[in-house]
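Please find below my notes on the model.

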Amino acid sequence: MARFALQDDRGYNQVFGPIGSTTLRAERRYAWFAAQAAGAARVLELGCGLGDAAAYVATHSSAEVVAVDLSEPFLEEARARHVHPNLRFQQCDLFQEGWQRLGDFDLVFGNGILHHLVPRLAEVLARLRAMAPRGRLAFIEPNLLNPACAFMFGTRLGRRLAKLEPQEMAFTPQGLRRALAGAGWQDIRVEMRDFLLPGLNTALVRPSLAVEPLLEATALTRWLAQSHFVTARA
């Protein structure tokens, strides 16, 4: 299991350690979010953590980027690490009053955040749709069909080793599609991608990248990918 580098203020693991393949894996995801933000005037990141993804989008687009998180210690670190004229970090809880004051967005995105919100996922997706009434959604979430994710999220030992939150749960593609459709999102796409394991030894990165396109190209192996790359339109 890949090592984690950061825990939140409740003691739960949140961020993989920046070793081996992890940095490249993260940068590929940030680039995908930046591509989704093309043409957007206002962008919201939900669950920004230390702000790396939001900063990447802010520096690779002209959009105003608002990045929110529940954890004030994370936000303080994000503000110290990332200063850009079109980037703002703000504490926000979608389940509390005040989220409407953030305004409307052309894109809402998040990197592995929806699976933390499974018990109230329908409410979250509905509120995100209200925040992007004419916009789009882009999230990357863990794939429960992937063997490593199935162990981490689906077994007592895996959950204990990964120090997961009690409500965390990875998604099947069908579960994500149902949740999004139920909240009124349209043009839903759930693509299973990414075979570059976090924390992989540097020597194994190039071979992994070489076989990844082959694994993603066929339905026989695509379902084993680590992640769902999810897009939808309000």
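1. Rings of Phe, Tyr and Trp (its six-membered ring) are taken as a pair if their centres lie within 6.5 Å; planes under 30 degrees apart count as stacked, over 60 as edge-to-face and the rest as tilted. On that basis, the whole structure holds 4 aromatic pairs. In one, tyrosine 30 and tyrosine 56 have ring centres 6.1 Å apart and planes at 50°, so the pair is tilted. The pair links distant parts of the chain, 26 residues apart: tyrosine 30 belongs to helix 1 (residues 22–36) and tyrosine 56 to helix 2 (residues 52–59). Helices (H or I, at least four residues) and strands (E, at least two) are DSSP runs, numbered from the N terminus.

2. This is a predicted model: local features need pLDDT of at least 70, side-chain atom pairs count only at pLDDT 80 or more, and totals for chains, interfaces and linings use all residues. Residues are numbered from 1 along each chain as its sequence is written, and side-chain values use heavy atoms, with hydrogens and water left out.

3. Buried means under 20% relative accessible area, exposed over 50%, partly exposed in between (1.4 Å probe, protein chains only). Tyrosine 30 is buried, at 14% relative accessibility, whereas tyrosine 56 is partly exposed at 23%.

4. An aromatic cluster is formed by Trp32, Phe33, Phe109 and Phe229. A charge sits over a ring if NZ of Lys or CZ of Arg is within 6 Å of the ring centre and within 35 degrees of the ring normal. Arginine 42 lies over the face of phenylalanine 105, 4.3 Å from the ring centre; for arginine 120 over phenylalanine 95 the distance is 3.8 Å.

5. Helix 2 has Ala53, Ala54, Ala55, Val57 and Ala58 as its buried residues. These pack against helix 1, strand 3 (42–46), strand 4 (64–69), strand 5 (87–91) and strand 6 (107–111), where contact means heavy atoms within 4.5 Å.

6. Serine 208, in helix 8 (residues 205–217), is buried at 18% relative accessibility. Leaving aside neighbours within four places in sequence, serine 208 is in contact with Leu196 and Leu200.

7. Two strands pair if DSSP finds at least two bridges between them. Strand 6 pairs with strand 3 in the parallel sense over 3 bridges, with valine 108 as the bridge partner of leucine 44. Strand 6 also runs parallel to strand 7 (residues 136–142), joined by 5 bridges.
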